[in-house]
Amino acid sequence: MTTSERTPAFREDLCNLCGKCLHLCPVLHLPLEVAKIEVKRLIKGEESKYVLNKCNTCLSCNLYCPQEVNPYQLILERWNDRYKKRGAPPLYRFICPTEDPNIWQLLNHFLSNRERRWIYKWMNSTPKSEDTILLLGNYTHLFPFIIGGSKLLENLKPIDKIDQWEGGAYLYQVGYLDIVQNIAERCKRDFDKWGAKNIIHLLDAVQYIFSEVHPKEMGVHYEKNFINFNEWMLEKLNSREIKIENDLNLDVTIHDNCFSKSLGGKYWDPPRKILAKCGCNIIEMKHIKDNSLCCGFGAGASWVKNIAIPFDIISEGTKKFKEAEKTGASALISYCTGCLYLLWATKELLGSKIDIFHIVEVVRMAMGEKLDYPKAHIKRAWDIIAIITYQLFVSIFQKNFYISRITYNKDKSTYQPKKNSLLRIIRFLFNIGIVRKVYAKFFRFLMPLFNTR
Ligand code: SF4
Ligand code: SF4
């Protein structure tokens with residue numbers, strides 16, 4: 001199939017232009033009459049006044065539409081049109097493993113030896129047909145310590161292929177649909193070569209991408225059994241193959257990620273049941289499940305200015321922190337590793353006191369496993385803040401770009417670290433407590449001046 005043969009998921013023939021999708025949107029809240037006009041503009045491909053510049057790609061509008069016509073996918077189609085016209089902002093090289101520099105390449109400077117050993121093993125394993133594969137994905141690569149060394153990995157084959165791009169999930173979310181099509185074909189080639197039938201993945205997004213987007217929108221079909229990691233953990237907890245040794249007795253609140261809204265909301269219950277089994281008391285935020293607010297990442301999808309992207313993202317993330325703190329819970333739990341890295345960066349920049357755990361870490365604590373918490377997270381958050389700062393600076397001198405490769409070029413790898421002296425200086429300075437405090441304060445000062453929300 002060529003890219004021009006993609007099947008758009010938006011059902012224009014069924015849309016009655018009622019405007020409910022954008023009227024109920026938890027981010028835009030457009031007055032109904034304005035919402036109707038905006039939907040019309042989007043359908044006609046006219047310049048959007050609000051959605052394309054302010055949408056957080058949270059997916060809620062699909063749940064609000066009474067006609068089930070997938071307005072979210074209409075937005076993605078229009079972002080795809082924009083991408084074809086103006087390309088991606090220079091800062092997006094950050095999330096493209098085949099571009100130079102990118103976060104995985106730059107993070108190599110800061111990984112511990114233990115993390116390197118895990119990653120080396122996960123990146124260089126070739127699964128056999130009898131294996132149950134655990135796709136760790138690009139985001140877990142940033143936090144290998146959340147699962148590395150855990151008993152949870154016993155009997156699984158952890159695989160880390162960052163140029164599978166999480167099946168294209170995060171590029172799909174910003175509307176780069178033609179690239180996602182290429183990634184789908186690449187994933188199929190990998191999976192067919194490996195032969196394994198059962199593939200577990202850590203992200204809801206990845207299951208949605210493999211089971212819905214690739215077959216229905218990209219025409220790429222798999223004969224695999226894709227299993228969600230939370231559902232897998234819950235089953236093992238129920239059968240006592242995973243044993244709870246400690247009731248954690250923690251008051252927690254839970255962040256429902258944007259992709260958890262797909263597939264009829266089937267992803268919302270398993271993490272809540274897992275937390276209850278671990279002895280957590282869940283105090284819900286104002287916006288949960290179908291109305292849940294984005295961690296902030298989605299604000300980058302509707303980018304207006306390259307320089308504003310980090311400020312837009314953290315500014316949207318701030319809303320999530322306000323809601324989480326208001327619950328009085330001592331910890332915010334994410335079951336998405338993509339959200340986790342942004343939540344930790346936001347926590348450090350805002351100076352929030354609320355703890356943040358990935359659900360895997362909660363289960364591990366309940367199993368009696370020791371975590372290097374919060375030290376490992378704080379270190380990684382500042383590694384990532386240093387990388388974003390460096391990449392933002394570098395991007396000032398770069399132009400918009402188009403993603404031309406989805407697999408590594410063997411002759412010019414974008415995975416090996418280079419000298420990156422400026423990055424190393426920034427990171428060195430972030431080891432000093434007072435520098436972190438001043439930087440965070442400076443960032444918060446700049447946020448209202450630069451953000452476009
Ligand atoms: S996409 Fe759905 S909610 Fe939005 S205007 Fe069309 S029918 Fe109404
Ligand atoms: S994806 Fe979310 S933020 Fe964007 S228009 Fe739909 S409901 Fe609003």
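**Figure 1. Division of the protein chain into two domains.** The protein chain is divided into domain 1, spanning 3–86, and domain 2, spanning 92–450. The structure shown is a predicted model. A distance of 26 Å separates the C-alpha centres of domain 1 and domain 2.

**Figure 2. The contact between domain 1 and domain 2.** Here 21 residues of domain 1 are in contact with 28 residues of domain 2. On the side of domain 1 that touches domain 2, the elements giving two or more residues are α3 (51–54), α4 (60–64) and α5 (71–86). The largest share of this side, 5 residues, comes from α5. By class, the residues on the side of domain 1 that touches domain 2 comprise 10 nonpolar, 7 polar and 4 charged.

Figure 3. The residues around ligand 1 are C15, N16, L17, C18, G19, K20, C21, V39, C65, Q67, V69 and P71. This shell around ligand 1 consists of 8 nonpolar, 3 polar and 1 charged residues.

**Figure 4. The crossing of helices α14 and α15.** The axes of helix α14 (residues 309–326) and α15 come within 10 Å and cross at roughly 85°. Angles of 65 to 115 degrees count as roughly perpendicular, and α14 is therefore roughly perpendicular to α15. Helix α14 brings I313, I314, G317, T318 and F321 to the contact, while α15 brings L342, L343, T346, L349 and L350. In the contact of α14 with α15 there are 7 nonpolar and 3 polar residues, with no charged residues.

**Figure 5. The crossing of helices α15 and α17.** Helix α15 (residues 337–350) and helix α17 (residues 375–395) have axes that come within 9 Å and cross at roughly 90°. Helix α15 is therefore roughly perpendicular to α17. From α15, the residues Y341, W344, A345, E348 and L349 meet H377, I378, R380, A381, W382, I384 and I385 in α17. The contact of α15 with α17 is made up of 9 nonpolar, 1 polar and 2 charged residues.

Notes. Residues are numbered from 1 along each chain as its sequence is written. Chains are lettered from A and ligands numbered from 1 in the order in which they are written. This is a predicted model: local features need pLDDT of at least 70, side-chain atom pairs count only at pLDDT 80 or more; totals for chains, interfaces and linings use all residues. Axes are lines fitted to C-alpha atoms, for helices over the stretch in contact, and angles run from 0 to 180 degrees between N-to-C directions. Helices (H or I, at least four residues) and strands (E, at least two) are DSSP runs, numbered from the N terminus. Angles under 35 degrees count as roughly parallel, over 145 as roughly antiparallel, 65 to 115 as roughly perpendicular and the rest as oblique. Two residues are in contact if their C-beta atoms, placed from the backbone, lie within 7 Å. Ala, Val, Leu, Ile, Met, Phe, Trp, Tyr, Cys and Pro count as nonpolar, Asp, Glu, Lys and Arg as charged, and the others, Gly among them, as polar. Domain bounds come from an automatic or database domain assignment. A residue is near a molecule or strand if its C-beta atom, placed from the backbone, lies within 6 Å of it.
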